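Dear colleague,

Please keep it open while you read.

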Amino acid sequence: MYDAVDSFIAHIARVEGLAPNTVTAYTSRLERFAAWCDREGIDARAADVRTVRSYLAELSRGQVAARTLAAHLSAIRSLYRWMAAEGIVEGDAVSAISSPKLPRDLPGVLTTRQVESLLKTPDTSTPAGLRDAAMLELLYASGARISELAALNVESIAWSERTLRLWGKGSKERIVPLYRRALEATRRYIEEGRPHLLVQAKRVDSANGVHPLFISARGNRMSAAMLRRRFHMLAALAGIPADIAPHAMRHTFATDLLEGGADLRSVQELLGHASLSTTQIYTHLTPDRLKRAVSLAHPRGE
């Protein structure tokens, strides 16, 4: 079973091109399931609906959250679907287990005042402050995930077109337009802040290849975790609640676009959502926009 898990993980990483974080999550969940089968003396290749439900029941007794249970089930179903296609098992009984219906939590968003306070927080008289300012402006201007921001290179920005090239989940590429202030903050960081960070780290850019956009004091590419820590530090300085994460900037980006009159399909494309239903959750946050739409478009909307 462990060999099957290893082969499946290699498949989703190399063939399907899933994001590294997703691959890591699948690996952890499936290895945990395989270990449980070993302990229980169960032949995992002959697992059926009762087997998987017993496993999920044990996770539930360990006070695992409903969303986490759903994620474990999703990983197990994907594994058995692949094993059936590869002829490793006969049939795919596990797919008969349906995922639990989960409540769709409304995403947290920042108020206009909070966004303005946050964007003013970085000390732009320092190289690190210029970098932080560019990070915050790009988060708010593009709706990027923090992992997408960490993967950016200097070459990801098309200055003449005023666009940013992002690589989302499943290595899907999307192009997002940037407004002037975000471009200016990023250009200033690249021209003034980034070179100083390289000098301080006694590093130089390679003549060829790509050049990481956000670099640390040591001159290395900043990981998503490092950028997340910088965000939380800046948010604390701006007086924003500690439970606000970088993803709130993505939610705020989407909500502000809808409030401003953008159509749902455009927002879906900008966010890189595969399904429109994922984007529709933001309509629950914009009742005023919907009221205006009804008032303007309905024959009796006065």
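**Helix packing and a pocket**

In α3, Val 52, Tyr 55, Leu 56, Leu 59 and Ser 60 meet Leu 69, His 72, Leu 73 and Ile 76 of α4, where contact means heavy atoms within 4.5 Å and helices are DSSP runs (H or I, at least four residues) numbered from the N terminus. By class, this contact of α3 with α4 has seven nonpolar, two polar and no charged residues, with Ala, Val, Leu, Ile, Met, Phe, Trp, Tyr, Cys and Pro counted as nonpolar, Asp, Glu, Lys and Arg as charged, and the others, Gly among them, as polar.

Please note that this is a predicted model, in which local features need pLDDT of at least 70 and side-chain atom pairs count only at pLDDT 80 or more, while totals for chains, interfaces and linings use all residues. Residues are numbered from 1 along each chain as its sequence is written, and side-chain values use heavy atoms, with hydrogens and water left out.

The axes of α3 (residues 49-61) and α4 (residues 66-86) come within 10 Å and cross at roughly 155°, the axes being lines fitted to C-alpha atoms over the stretch in contact, with angles from 0 to 180 degrees between N-to-C directions. That makes α3 roughly antiparallel to α4, a term for angles over 145 degrees.

Helix α4 also packs against α2 (residues 20-40), at an angle of about 80° and with the axes 9 Å apart; α2 and α4 are therefore roughly perpendicular to each other, the word used for 65 to 115 degrees. On the α2 side the contact includes Tyr 26 and Phe 33, and on the α4 side His 72 and Ile 76 are among the residues involved. The residues of this contact of α2 with α4 divide into eight nonpolar, three polar and two charged.

Finally, the second largest pocket is lined by 15 residues, of which Thr 112, Val 115, Glu 116, Leu 119 and Tyr 140 lie nearest its centre. A pocket here is an open set of points on a 1 Å grid over the protein atoms alone, where a 1.4 Å probe fits, with protein on both sides within 12 Å along at least five of seven lines, and lining residues have an atom within 4 Å of a point. The largest share of the lining of this second largest pocket, four residues, comes from α5.

With best wishes

How values were computed. Helices (H or I, at least four residues) and strands (E, at least two) are DSSP runs, numbered from the N terminus. Angles under 35 degrees count as roughly parallel, over 145 as roughly antiparallel, 65 to 115 as roughly perpendicular and the rest as oblique.
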